Amino acid sequence: VIKCKAAVAWEAGKPLSIEEVEVAPPKAHEVRIKIVATAVCHTDAYTLSGADPEGCFPVILGHEGAGIVESVGEGVTKVKKGDTVIPLYIPQCGECKFCKNPKTNLCQKIRITQGKGVMPDGTSRFTCKGKQIYHFMGTSTFSEYTVVADISVAKIDAAAPLDKVCLLGCGISTGYGAAVNTAKVEPGSTCAVFGLGGVGLAVIMGCKIAGASRIIGIDINKDKYAKAREFGATECISPQDSKKPIQEVLVEMTDGGVDYSFECIGNVGVMRAALEACHKGWGVSVIVGVAAAGQEISTRPFQLVTGRTWKGTAFGGWKSVDNVPKLVTEYMSKKIKVDEFVTHTLPFDKINEAFELMHSGK
């Protein structure tokens, strides 16, 4: 058993608490990882807020991390002690019907136990002050050591800087993949990206790499425009600058609508606007943002009858074990940006400050 520091969420709506936790050794087909760096994501904040129906407490959150394998359980063959790895919140077992289908990356092998905050055998590897602590998204990267299923880990280039590539565990991969895998953006196309946070910037990067000629960034926070342009946005607009609905503004700006739009916020009203901003006949709108539980999307069916397509994406459609190492290689060879996404680097004990920075849009 390893004793180490972790940020424990004891209850919903309260700040995280840095505690000493005990991390049990890995069982069969499990891997114990020393987490070197982790990022914070709105998904962590959503669960912490108490709005997540799958949220269970007390829990160690975090799903964007990178580290070194400390030890492996019986039967683990893909990684060994000392390997550099990224934990995966969407695993890839290679055996379930989802893994065998090239149309999806949604491996279901451990989905049920993962959603309940436990390892595949139904138990937790974390304890603190004599209490069992739940796992989160099969990763729990807000701990100096974590235990994950062996199908939830990608071995990456040992030379990769972990404080940067941890972002490939969720946000950057999700946005980039939404553009290149889910939408399949084509050269010369016009794109609109709603929400210019980390995921939105990654979508812009993907659209640019795919050869889009016009990329319109949309956000009410104008402080984000300079960064969006750096990533490839050709122009940025705010919905608050016009009395007309944003979809009407975009249809006028683009002679009938955009070829591809992306919702990167998780707001069902914006999802509708993103679809309706698409061009009749061929426009494709991709939902990337995660809306709160119980919310529903709506539009007039005529929008779809007249040739628009509504799609969704999870982790950018990447089959995780196969593709995360390739994304790291693309970063190392400077095909994709990663360093530019990092705005602040804080010590672990200032993790609550990191959430404040995220919520303030900084």
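Which residue in E16 is the bridge partner of isoleucine 287? I found glycine 312 in that place.

**Ground rules.** I am working on a predicted model, in which local features need pLDDT of at least 70 and side-chain atom pairs count only at pLDDT 80 or more, while totals for chains, interfaces and linings use all residues. Residues are numbered from 1 along each chain as its sequence is written, and side-chain values use heavy atoms, with hydrogens and water left out. Helices (H or I, at least four residues) and strands (E, at least two) are DSSP runs, numbered from the N terminus. I take two strands as paired if DSSP finds at least two bridges between them.

**Entry 1, the parallel sheet.** I traced an open sheet of six strands with parallel pairing, in the order E13-E12-E11-E14-E15-E16. Strand E13 (235–237) and strand E16 (309–312) each have a single partner strand, so one side of each is left without a neighbour in the sheet. Neighbouring strands here are turned by 20 degrees against each other on average, direction ignored. At the E16 end, I noted four bridges joining it to strand E15 (residues 284–287), and the two run parallel. Helix H9 (residues 268–276) packs on this sheet and touches strand E11 (190–194), strand E14 (260–263), E15 and E16. The direction of H9 makes about 175 degrees with that of E14. For such angles, axes are lines fitted to C-alpha atoms, for helices over the stretch in contact, and the range is 0 to 180 degrees between N-to-C directions. Contact means heavy atoms within 4.5 Å.

**Entry 2, the antiparallel sheet.** I then followed an open sheet of five strands, ordered E4-E1-E2-E7-E8, with antiparallel pairing. Its edge strands, which pair on one side only, are strand E4 (59–60) and strand E8 (131–133). Strand E7 (residues 126–128) pairs with E8 over three bridges in the antiparallel sense. I looked up cysteine 128 and found lysine 131 in E8 opposite.

How do helix H5 (residues 171–183) and helix H6 (residues 198–209) cross? Their axes come within 7 Å and cross at roughly 40 degrees. That makes H5 oblique to H6; under 35 degrees counts as roughly parallel, over 145 as roughly antiparallel, 65 to 115 as roughly perpendicular and the rest as oblique. The H5 residues I listed in the contact include Gly171, Ile172, Tyr176 and Val180, and those of H6 include Val199, Met205, Cys207 and Ile209. The contact residues divide into eleven nonpolar, four polar and no charged. In this count Ala, Val, Leu, Ile, Met, Phe, Trp, Tyr, Cys and Pro are nonpolar, Asp, Glu, Lys and Arg are charged, and the others, Gly among them, are polar.

The axes of H1 and helix H12 (residues 351–359) come within 11 Å and cross at roughly 105 degrees. The two helices H1 and H12 are therefore roughly perpendicular to each other. I noted His42, Asp44 and Ala45 on H1, meeting Phe355, Met358 and His359 on H12. This set divides into three nonpolar, two polar and one charged.

An unreviewed UniProt entry annotates residues 28–156 as "Alcohol dehydrogenase-like N-terminal". I get 13% helix and 30% strand for that span, with its end C-alpha atoms 22 Å apart. The UniProt record also places "Alcohol dehydrogenase-like C-terminal" on residues 198–327. That stretch is 38% helix and 15% strand, and its end C-alpha atoms are 16 Å apart.

The peptide bond from phenylalanine 57 to proline 58 is cis, with omega near -5 degrees. Proline 58 lies in the loop between helix H1 (42–49) and E4. Histidine 29, not a glycine, has a positive phi of about 60 degrees. I located histidine 29 in the loop between strand E2 (17–23) and strand E3 (30–39).

Note on methods. UniProt positions renumbered as here; feature names shortened; annotations may be inferred.
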